[in-house]
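Subject: Handover of a structure

Dear colleague,

Please find the structure for your study below.

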Amino acid sequence: MGEMEQMKKEAEALKTQIEAARKAVHDTDMASAASGVAPAPRVQLKTRRNLKGHLAKIYAMHWSTDNRLMVSASQDGKLLIWDSHSGNKVNAVPLKSSWVMTCAYAPSGNLVASGGLDNMCTVYNLKTPVIKTVKELDAHTGYLSCARFLSDTEVLTASGDTTCALWDLETGKQKTVFLNHVGDCMCLSLSPDMNSFVSGACDSLAKLWDIRDGQCKQTFLGHTSDINAISFYPGGNAIITGSDDCTCKMYDLRADQELITYQDAALNSGVTSLALSMSGRLIFAGYDDFNCNIWDSLKGEKVGVLSGHDNRVSCTGVPPDGMCVCTGSWDSFLKIWN
Amino acid sequence: MPVINVEDLTDLDKAKMEVTQLKIEVKLERAKVSKCCEEISEYIQSGADEDPLVKGIPEDKNPFKEKGGCVIC
């Protein structure tokens, strides 16, 4: 038997074992377990702010930890920093490459980052008298789909080259490369304790990684298409994913499997983005059909919808204090709802 | 850390990588789903009272309430 044949056989055997181990602990599912829980109240949120300023599709947004400022990225070639309370633009950062796919705000509020089809993650200092490019993180061989700051000195990136990477901002070099996906990495989410992160990819898998040793610890199956959005649960023991297969799923890290799928027969648009309310009870999921649907994460039921965008909802975000949800769209607007 | 050139990986490399990873994952200790569901449920419900988007936000405490009324120039 050739080596390839042998590897395939071994892989199949191991997958069967893992499948059996997962089944052995599958003594219920979330919908049944939460049957006694009172349903979440019907959620009706109003648009409180309509942020106009971008001239083309918005691809990403990210809240600052101060619960007030946020950064958005558009293929008009700009990052805009907004004061969400006043609705005013605080800064505009012109991008070298307009093909931006992600943006991020550092926890300190000092830095923002962007990246996209230029395969690079560019980091900017907002606190210098004139906004300066601090570093260009250049080593990925595919597009940059997502970036997140761990601190002012470390950034995590996800790329279309199928890898994620941890970068040292002082040297501008990759400290660790996370390689295991076999499809473009589309999204990542840091664990609350910052020791691990999860990634979602076009191989329809979500993977849990140890940031320090670079190892993939767990793989989550179930989706049947690209995973475009992923988020850790506030408690750190579960994750939510959103996919082109039109569903969202909750996976538990300790059970190593899916607990619940959020889907509706009437929904046949892919999920582009997602954000959790502060307690995790509500999931705000943006779809290709221009809406953002609100799911009760325990009951698996749709409890509301945010309609108002005239094109695909490409990004959603809830600030750390949970006071609102922001949606960004290909219609070039950002809306703030509560 | 050595630079990994993803484009240089052969199908065999990828197959070996998959098997190595599966050998790690097969050893995982998995907790019962019922226990996990219970803990998540409790965690979420305990936080729901403080969750502004679940409970609602009183108009006077809402930093995003609609601007309007008089403007003092």
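**What was found**

For chain A, an unreviewed UniProt entry lists "repeat: WD" at residues 51-92, 137-177, 178-219, 220-261 and 306-338. UniProt positions are given here in the numbering of this structure, feature names are shortened, and annotations may be inferred rather than shown by experiment.

The model is predicted, so local features need pLDDT of at least 70 and side-chain atom pairs count only at pLDDT 80 or more, while totals for chains, interfaces and linings use all residues. Residues are numbered from 1 along each chain as its sequence is written, chains are lettered from A and ligands numbered from 1 in the order in which they are written, and side-chain values use heavy atoms, with hydrogens and water left out.

Residues 306-338 of chain A are 0% helix and 45% strand, with end C-alpha atoms 10 Å apart. Helices (H or I, at least four residues) and strands (E, at least two) are DSSP runs, numbered from the N terminus.

Chain B holds 3 helices and 0 strands, and its elements run α-α-α from the N terminus on. Of its 73 residues, 32% count as buried. Buried means under 20% relative accessible area, exposed means over 50%, and partly exposed lies in between (1.4 Å probe, protein chains only).

**The interface**

How many residues does each chain bring to the contact? Chain A brings 73 residues and chain B brings 49 residues, where contact means heavy atoms within 4.5 Å. The size of an interface is often given as the accessible area lost when the parts come together. Chain A and chain B bury about 5,200 Å² between them, with 67% of it on carbon and sulfur atoms; buried area is the accessible area (1.4 Å probe) that two parts lose on being put together, summed over both.

Across this interface there are 15 residue pairs in polar contact, both residues being at pLDDT 80 or more. A polar contact is a pair of N or O atoms within 3.5 Å; within protein, one must be able to donate a hydrogen and the other to accept it, and residues adjacent in sequence count only if both atoms are side-chain atoms. On the side of chain A that touches chain B, helix α1 (residues 3-24) of chain A gives the most, with 12 residues. By class, that side has 33 nonpolar, 23 polar and 17 charged residues. Here Ala, Val, Leu, Ile, Met, Phe, Trp, Tyr, Cys and Pro count as nonpolar, Asp, Glu, Lys and Arg as charged, and the others, Gly among them, as polar.

**Salt bridges**

A salt bridge is a side-chain nitrogen of Lys or Arg within 4 Å of a carboxyl oxygen of Asp or Glu. The structure holds 16 salt bridges over all chains, and the count between chain A and chain B is 5.

- A:Glu3 and B:Lys16 form a salt bridge (3.3 Å, N to O). This pair crosses between chains, from helix α1 of chain A to helix α1 (residues 11-25) of chain B. A:Glu3 is partly exposed at 40% relative accessible area, and B:Lys16 is partly exposed at 34%.
- A:Glu10 and B:Lys23 form a salt bridge, with their closest N and O atoms 3.2 Å apart. A:Glu10 lies in helix α1 of chain A and B:Lys23 in helix α1 of chain B, so the pair joins two chains.
- A:Arg254 and B:Glu39 form a salt bridge (2.4 Å, N to O). A network of salt bridges links A:Asp252, A:Arg254, B:Lys35 and B:Glu39.

Is A:Arg22 buried or exposed? A:Arg22 is buried, with a relative accessible area of 9%, and it lies in helix α1 of chain A. Leaving aside neighbours within four places in sequence, A:Arg22 is in contact with A:Thr219, A:Leu221, A:Asp256, A:Gln257 and B:Arg30. A polar atom of the A:Arg22 side chain lies 2.8 Å from the backbone oxygen of A:Thr219.

A:Thr241 is placed in strand β19 (residues 238-243) of chain A and counts as buried, at 0% relative accessibility. Its side chain is joined to that of A:His223 by a polar contact of 2.7 Å.

With kind regards
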